Protein chains: 2
Amino acid sequence: MYAIVIGCGRAGAEVASRMCAGGHSVVVIDRDKRAFARLAEGFCGATIVGHAIDVDCLRSAGIERADAVIAATYGDNSNLTAAQLARQQFEVPRAIARVKDPVRARVFAQLGIETLSSTTLVGDAFERMLQWNGPASNGADAPPET
Amino acid sequence: MYAIVIGCGRAGAEVASRMCAGGHSVVVIDRDKRAFARLAEGFCGATIVGHAIDVDCLRSAGIERADAVIAATYGDNSNLTAAQLARQQFEVPRAIARVKDPVRARVFAQLGIETLSSTTLVGDAFERMLQWNGPASNGADAPPET
């Protein structure tokens, strides 16, 4: 798999490092080169300093041949825009936006963007650990089947 | 269940709101009263403005009769300290620290603190969504069985 991970915060670094360890080709983009220090030791992918929604930057990362784009910056709206660019302009088969705000996650899903709501995931995990009876969710807000 | 949620960021607000909706008694502590705006509409628990590791604040939240403490501030170390205080000084049956740094999560688990690594959860979820072969994990770093 050829994947582009946008945003090298903790989540982005984690997913990029794991994909690399799994033998996949990964390019990580962050606007701050210091962020790449979060990548696991032995990270074998490429890093690019640039902005999440800069088309030239995405092109230089090879988005035209990417199998997946993972948008994991700190900004929910940037992640949405990056995922939409990937899907609509570059026809990347999979584009997933990490979203912190569960309300935004639902709205984004309605716009046809695959989202992963970290807040929902954490809520679900606390619930499993404490085993109380709260509302169920699978953490991922998939867009409706088309 | 009588639970104290420390930190009303997105994760704290999510878990507090869900517990309240599930019919449990919840007290939420945050040092910034504006954080309580994140709680779900109709939130039925109590809110206290105070610090995560202020013993007087924890006492006024009723920690001595709490069944669970969930430490979900933005600071990994604050969450560890709050969870340790709850377990060791107040003998709260369950104390879980949300931890962003996966390395810290493992260290904290070795110290006998139940942790929930949001970064690991997000990594796992991306992996499931993209179905590549990475290292497996359940997201929660439980302390070793004693």
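**Contacts, fold and pairing in a two-chain model**

The model is a predicted one, so local features need pLDDT of at least 70 and side-chain atom pairs count only at pLDDT 80 or more, while totals for chains, interfaces and linings use all residues. Residues are numbered from 1 along each chain as its sequence is written, and chains are lettered from A, with ligands numbered from 1, in the order in which they are written.

Now for the fold. Chain A has 5 helices and 7 strands, and along the sequence they come in the order β-α-β-β-α-β-α-β-α-β-α-β. Helices (H or I, at least four residues) and strands (E, at least two) are DSSP runs, numbered from the N terminus. The radius of gyration of chain A is 15 Å, close to the 15 Å that the globule rule gives for 146 residues, so chain A is as compact as a globular protein of that length. Here the radius is taken over C-alpha atoms, and the rule is 2.2 Å times the number of residues to the power 0.38. The C-alpha trace of chain A spans about 45 × 35 × 25 Å along its principal axes.

Of the 146 residues in chain A, 49% count as buried. A residue is buried if 20 or more other C-beta atoms lie within 10 Å of its own, exposed if 12 or fewer, and partly exposed in between, with C-beta atoms placed from the backbone. Val55(A), in helix H2 (residues 55–60) of chain A, counts as exposed, with 12 C-beta neighbours inside 10 Å. Its C-alpha atom is 21 Å from that of Ala35(A), 20 residues away along the chain.

How do the two chains fit together? A rotation of 180 degrees with 0.0 Å of shift along its axis superposes chain A on chain B (RMSD 0.0 Å), by least squares on the C-alpha atoms of residues with pLDDT of at least 70 in both. That is the relation of a two-fold axis. At the interface, 36 residues of chain A are in contact with 36 residues of chain B. Helix H5 of chain A gives the most to the side of chain A that touches chain B, with 10 residues. Also, 100% of the interface residues of chain A are interface residues in chain B too, so the copies meet through the same surface.

Ser118(A) belongs to that helix, H5 (residues 118–130). Ser118(A) is buried, with 24 other C-beta atoms within 10 Å. Neighbours within four places in sequence aside, Ser118(A) is in contact with Ala11(A), Arg98(A), Lys100(A), Ser118(B) and Val122(B). The C-alpha atoms of Ser118(A) and Arg98(A) are 6.9 Å apart, although 20 residues separate the two along the chain.

Over in chain B, helix H4 (residues 102–110) has Pro102(B), Ala105(B) and Phe108(B) buried. They cover an arc of only 115 degrees around the axis, which puts them on the same side of H4(B); the arc is that of the directions from the helix axis to the C-beta atoms. Val103(B) and Gln110(B), on the other side of H4(B), are exposed. After H4(B) comes Gly112(B), with a positive phi near 85 degrees.

Technical notes: Two residues are in contact if their C-beta atoms, placed from the backbone, lie within 7 Å.
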